[in-house]
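Here is a short briefing to read alongside the model. Please keep the 3D view open as you go through the points.

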Amino acid sequence: MLGTAITKVARPLNSTHVTLRSKWRSSTGHRSPEALDLRQISNKRSTIIDALRSFRLESESSGANSLWLARQRLRASYEAVITRIERTLAEQPLPRLQTVGSSETVFPFLYDIDWGPNESFPVARLRGSGARGPTIRLFPGAGDELVRLSPLIRPLVELHWTRMVAQLNNVATVEEALRHHLFGSPRIPFSKMLRDGLADLQTGTCFYCGQRLVGATEVDHFIPRVRCGIDAIENLVLADRPCNGDKSDLLAAPSLVSTWARRNVESSGTLSIIAEMSRVDSDLTGTLAVARSIYGHLPREGTPLWQGRKQVLTLDPGLALEAMTFAS
Ligand SMILES: [Zn+2]
């Protein structure tokens with residue numbers, strides 16, 4: 001999400017689609033009797049969760065059991081939910097995130113916007129472009145620091161958010177299950193369709209070491225989830241367990257970035273088909289843009305990058321950017 005926010009500063013609220021995707025997971029459709037409504041804000045009602053819940057109910061009664069399908073079948077409702085979420089984000093958290101304590105005085109340290117707390121946000125303004133649109137101007141260096149510090153900040157934010165939700169709902173213990181419910185499990189169960197599609201594309205070999213895939217295979221986020229939560233197929237590769245385990249949360253070295261970027265461009269048609277059949281997102285431009293943004297903000301003097309099992313090298317991340325230039 002950070003990456004998306006940074007690469008789309010001109011139209012930052014586009015990240016609403018990402019918000020919707022992550023909230024879809026934690027909204028409840030069919031509910032068991034013991035199901036619990038989790039409040040995630042201090043107000044009694046949440047516009048975003050309410051909007052999403054009715055969209056989800058509408059989707060399920062139309063037979064769409066995934067966000068992807070719902071988006072295809074109920075375009076008008078989907079757009080209406082997006083607009084509602086965008087308005088809520090513009091009116092509520094954005095003008096308040098940089099206030100301190102209970103004061104309404106804004107101390108901008110990350111970004112600058114043209115509206116304040118208590119301003120309502122009509123749709124015309126939301127859709128305006130240029131100076132009249134909802135532009136968020138990141139301060140110089142803010143983007144760099146967010147990208148560099150995201151592996152550190154993200155777990156802290158998730159932990160504090162989990163604690164706040166636990167407190168608001170009188171849930172006594174902060175459990176890992178709650179965190180997974182709110183932010184998704186680090187291990188998403190990917191479908192067999194997706195695994196088979198990627199295995200075919202990789203001619204039955206591990207994306208990283210090229211050895212034949214036998215036994216358990218793992219779908220790996222090429223740009224690690226801790227850096228950005230991109231679940232689009234362009235960010236997914238199939239690996240054997242030893243490679244995936246060894247790579248862990250490290251960013252890949254330029255040689256692998258080159259193979260990955262080429263795969264995404266040269267097999268973009270096949271990837272889209274696999275994505276559609278296995279109902280995951282496909283976003284070639286966005287994925288490459290986030291990758292460029294991440295590698296472009298790392299220390300040029302050297303960053304530990306993973307080149308293969310037991311091979312972590314300190315390299316200039318600019319080399320990874322060069323490996324992607326052909327794809328722009
Ligand atoms: Zn391997």
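Predicted model: local features only at pLDDT ≥ 70, side-chain atom pairs only at ≥ 80, totals over all residues.

Residues are numbered from 1 along each chain as its sequence is written.

**Overall make-up**
- The protein has 15 helices and 6 strands, taken as DSSP runs numbered from the N terminus (helices: H or I, at least four residues; strands: E, at least two).
- Of the 328 residues, 27% are buried, meaning that 20 or more other C-beta atoms, placed from the backbone, lie within 10 Å of the residue's own.

**Helix pair α10 and α13**
- Helix α10 (residues 192–201) and helix α13 (residues 268–278) have axes that come within 9 Å and cross at roughly 165°; axes are lines fitted to C-alpha atoms over the stretch in contact, with angles from 0 to 180 degrees between N-to-C directions.
- The crossing angle therefore makes α10 roughly antiparallel to α13 (angles over 145 degrees).
- Met193, Leu194, Gly197, Leu198 and Leu201 in α10 meet Thr270, Ile274, Met277 and Ser278 in α13 (contact: C-beta atoms, placed from the backbone, within 7 Å).

- Strands β5 (residues 303–308) and β6 (residues 311–315) run antiparallel and are joined by 5 bridges; pairing needs at least two DSSP bridges.
- Leucine 305 has leucine 313 in β6 as its bridge partner.
- The hairpin leaves 2 residues between β5 and β6, and lysine 310 in the turn has a positive phi of about 65°.

Methods. Parallel < 35°, antiparallel > 145°, perpendicular 65-115°, else oblique. Contact = placed C-beta atoms within 7 Å. Buried ≥ 20, exposed ≤ 12 C-beta atoms within 10 Å, placed from the backbone.
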